[in-house]
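Here is a short report on one protein chain. It moves from a loop residue to the overall fold, then to the contacts between charged side chains.

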Amino acid sequence: SSGINAEYGGPRVVNAYVEITFDNSDNRIPIDKEEVTIRRVIGFKKDQYFLDKKNVTKTDVMNLLESAGFSRSNPYYIVKQGRINQMAIAPDSQRLKLLREVAGTRVYDERKEESLSILKETEGKIEKIDEFLLTSRRVNTIFSPWDSSAD
């Protein structure tokens, strides 16, 4: 945004935006609409992203585009000269990685990793709660005879 001001030297620009509307009649983008509009508002202090006029994060936009098959690492789906031989002799794991990027499934792999991390964290919390409950039951068992004598 500061580049806009320096480039044109006119009155100070507060913000600018770029908007693209996709024809989604083939449902390539996983949203149930014929057209999908993404807008980026470039502000002086921060950028904002909108999906059909709803404020979303940059990550949301990137994940949506990846799930539609637009890859961050290879945005034009062009195999450069010399890479074809390299791909032909590449190990299966490397070819599979490239196919996942081109197919747009990498975003789901990343989400799976996030989910597994959250699951592991949750399992740790459940373990601590179980330990607390066990300790609580032991203490309750120790003190329960005294509770009945108080009546």
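## Loop residues and backbone

Asn27 counts as partly exposed, at 48% relative accessibility. Its place is the loop between S1 and S2. Asn27 is not a glycine, yet its phi is positive, at about 55 degrees. Most residues other than glycine have a negative phi. The model is a predicted one.

Lys53 also has a positive phi without being a glycine, here about 70 degrees. Lys53 sits in the loop between S3 and S4. Its relative accessible area is 82%, so Lys53 is exposed. The cut-off for exposed is over 50%.

A further positive phi comes after helix H2. Gly69 follows H2, and its phi is near 105 degrees.

## Fold and confidence

The protein chain holds five helices and four strands. Along the sequence the pattern reads α-β-β-β-β-α-α-α-α. The chain has 151 residues, and 19% of them are buried.

Helix H2 spans residues 58-67. Its buried residues are Val61, Asn63, Leu64, Leu65, Glu66 and Ser67.

How confident is the predictor in the protein chain, by average pLDDT? The average is 80, and 74% of the residues score at least 70. Strand S4 (residues 54-56) has the highest mean pLDDT, 95. Helix H1 (residues 2-8) has the lowest, 50. Where pLDDT is low, the predicted coordinates should not be read in detail.

## Salt bridges

Side chains of opposite charge can pair when their charged atoms come close. How many salt bridges does a search of the whole structure find? The search returns four.

| Salt bridge | N to O distance |
|---|---|
| Arg39 and Glu19 | 2.8 Å |
| Lys33 and Asp52 | 3.5 Å |
| Asp47 and Arg40 | 2.5 Å |

Take Arg39 and Glu19, joined by a salt bridge. Arg39 lies in strand S2 (residues 35-43) and Glu19 in strand S1 (residues 15-23), so their bridge ties together parts 20 residues apart in sequence. Arg39 is partly exposed, at 26% relative accessibility. Glu19 is partly exposed as well, with a relative accessible area of 40%.

Next come Lys33 and Asp52, whose side chains meet in a salt bridge. Lys33 belongs to the loop between S1 and S2, and Asp52 to the loop between strand S3 (47-51) and S4, so this pair links parts that are 19 residues apart in sequence. Lys33 has 41% relative accessibility and counts as partly exposed. Asp52 is partly exposed too, with a relative accessible area of 24%.

The pair of Asp47 and Arg40 is also a salt bridge. Asp47 is in strand S3. Its relative accessible area is 30%, which makes Asp47 partly exposed. Arg40 is partly exposed, at 35% relative accessibility. Asp47 and Ala16 are 31 residues apart in sequence, while their C-alpha atoms are 9.6 Å apart in space.

## Rings and a surface patch

Where does Arg39 lie relative to Tyr17? Arg39 lies over the face of the Tyr17 ring, 3.7 Å from the ring centre.

Pairs between aromatic rings are another matter. A pair of aromatic rings is described by the distance of the centres and the angle of the planes. Ring pairing requires centres within 6.5 Å. By this rule, the count of aromatic pairs is zero.

Which residues form a nonpolar patch on the surface? They are Ile129, Phe132 and Leu133, with about 310 Å² of accessible area together. Of these, Ile129 is found in helix H5, which covers residues 106-149. In an α-helix there are 3.6 residues a turn, so residues three or four places apart point the same way.

Methods:
Residues are numbered from 1 along each chain as its sequence is written. Side-chain values use heavy atoms; hydrogens and water are left out. Rings of Phe, Tyr and Trp (its six-membered ring) pair if their centres lie within 6.5 Å; planes under 30 degrees apart count as stacked, over 60 as edge-to-face and the rest as tilted. A charge sits over a ring if NZ of Lys or CZ of Arg is within 6 Å of the ring centre and within 35 degrees of the ring normal. pLDDT is the predictor's confidence in each residue, from 0 to 100. Helices (H or I, at least four residues) and strands (E, at least two) are DSSP runs, numbered from the N terminus. Buried means under 20% relative accessible area, exposed over 50%, partly exposed in between (1.4 Å probe, protein chains only). Patches are made of residues with over 30% relative accessible area and no salt bridge: like charges are joined within 9 Å, nonpolar side chains (Val, Leu, Ile, Met, Phe, Trp, Tyr) within 5 Å. Accessible areas come from the Shrake-Rupley method with a 1.4 Å probe; for residues, only the protein chains shown count as cover.
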